[in-house]
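This briefing is meant to be read alongside the sequence and the three-dimensional view. Please keep both at hand while working through the points below.

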Amino acid sequence: MPTTVAVSPVRALTASDSALIVENAVSRQVPITLGLEIAGHEEVLSGTLRKADGEQLLIDVRLGMQGVSTIPVDAALWAEVVVDDITYLFATRFVGLEQPGEDNTVLVQRPESISAVDRRRTRRRRLRPHTKVTLQSDSAAGQRSFEATLLNLSAGGLACRVRASETTHLVEGAMVRAAFELGTPPQEFDFAARVTGRTEAGTPDQAVLGLEFLDNGDSGSQRGHLLATLQDCH
């Protein structure tokens, strides 16, 4: 029977649960998305998770940047896989090519821990790189605003990447406002939200936050509008 772990919107898994999910993903040879930052720009690769050992993952690359062989050894990457309709995110590092000179198969470090994003309750859509969300929160220094990169989004919440050193107070349970635009023409959304998980993103000074939208004020109408917009974008 496939192994899955029940989670709230974004939650770091234990090492043992992480190992089970990795083995399950490899046995099914699921699609995987890899992202890295090069010269200030985010590059995204798509492929298939083909094999794993105790230290590395072997990935067949299908789509993405040209010249995979130019990725520096030990470069930080983020990765996303989907198993049983749950998205799993983890940080890893580039090891190299399986065969020197061939860009179609790469090796990355096997993660010791991964985070899960629950996609079962609502439609969730992966967004284009550099889609932004503005977070507002209260801290000891007063109200502060931060720009984050959206990783995925549903009518129930979102996952985003933030600068870790600027958001140390955004831990599980912290309250924020999350504002973003979606659709064509762009539609504005602004939700009260709670941080449900935080994990290191692998890239220096980066972290991934999971946010759950709260039920207050006009959130009900906004959720309906967001769901309709997500369906139109699908």
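Predicted model: local features only at pLDDT ≥ 70, side-chain atom pairs only at ≥ 80, totals over all residues.

**Strands, cores and aromatic rings**

Residues are numbered from 1 along each chain as its sequence is written, and side-chain values use heavy atoms, with hydrogens and water left out. Helices (H or I, at least four residues) and strands (E, at least two) are DSSP runs, numbered from the N terminus.

- Strand β12 (residues 157–163) is mostly covered, with 6 of its 7 residues buried; buried means under 20% relative accessible area, exposed over 50% and partly exposed in between, using a 1.4 Å probe and protein chains only.
- On one side of the pairing scheme, strand β11 (residues 142–154) and β12 pair in the antiparallel sense over 5 bridges, they form a hairpin with 2 residues between them, and Thr 149 has Arg 161 in β12 as its bridge partner.
- β12 is also joined by 7 bridges to β15, the two running antiparallel, and Cys 160 has Leu 209 in β15 as its bridge partner.
- Gln 206 lies in β15 (residues 206–213) and is buried, with a relative accessible area of 15%.
- The side chains of Gln 206 and Arg 161 are joined by a polar contact of 3.4 Å, a term for a pair of N or O atoms within 3.5 Å, of which, within protein, one must be able to donate a hydrogen and the other to accept it, and for which residues adjacent in sequence count only if both atoms are side-chain atoms.

**Nonpolar cores**

- The largest nonpolar core has 30 residues, of which Ile 32, Leu 34, Tyr 88 and Phe 94 touch the most other members; such a core is a set of buried Ala, Val, Leu, Ile, Met, Phe, Trp, Tyr and Cys residues joined through side-chain atoms within 4.5 Å.
- The largest share of this core, 5 residues, comes from β6.
- A second, separate core of 25 residues includes Leu 158, Ala 174, Val 176 and Phe 180.

**Aromatic pairs**

- A search of the whole structure finds 4 aromatic pairs, counted when the ring centres of Phe, Tyr and Trp (its six-membered ring) lie within 6.5 Å, with planes under 30 degrees apart called stacked, over 60 edge-to-face and the rest tilted.
- The rings of Phe 180 and Phe 189 have centres 5.6 Å apart and planes at 25 degrees, so the pair is stacked; Phe 180 is buried at 4% relative accessible area, and Phe 189 is buried at 2%.
- Phe 180 and Phe 213 form a stacked pair as well, at 6.4 Å centre to centre with 15 degrees between the planes, and this pair links distant parts of the chain, since Phe 180 in β13 and Phe 213 in β15 are 33 residues apart.
- Ring pairs link Phe 180, Phe 189, Phe 191 and Phe 213 into a cluster.

Methods. Pairing = 2+ DSSP bridges.
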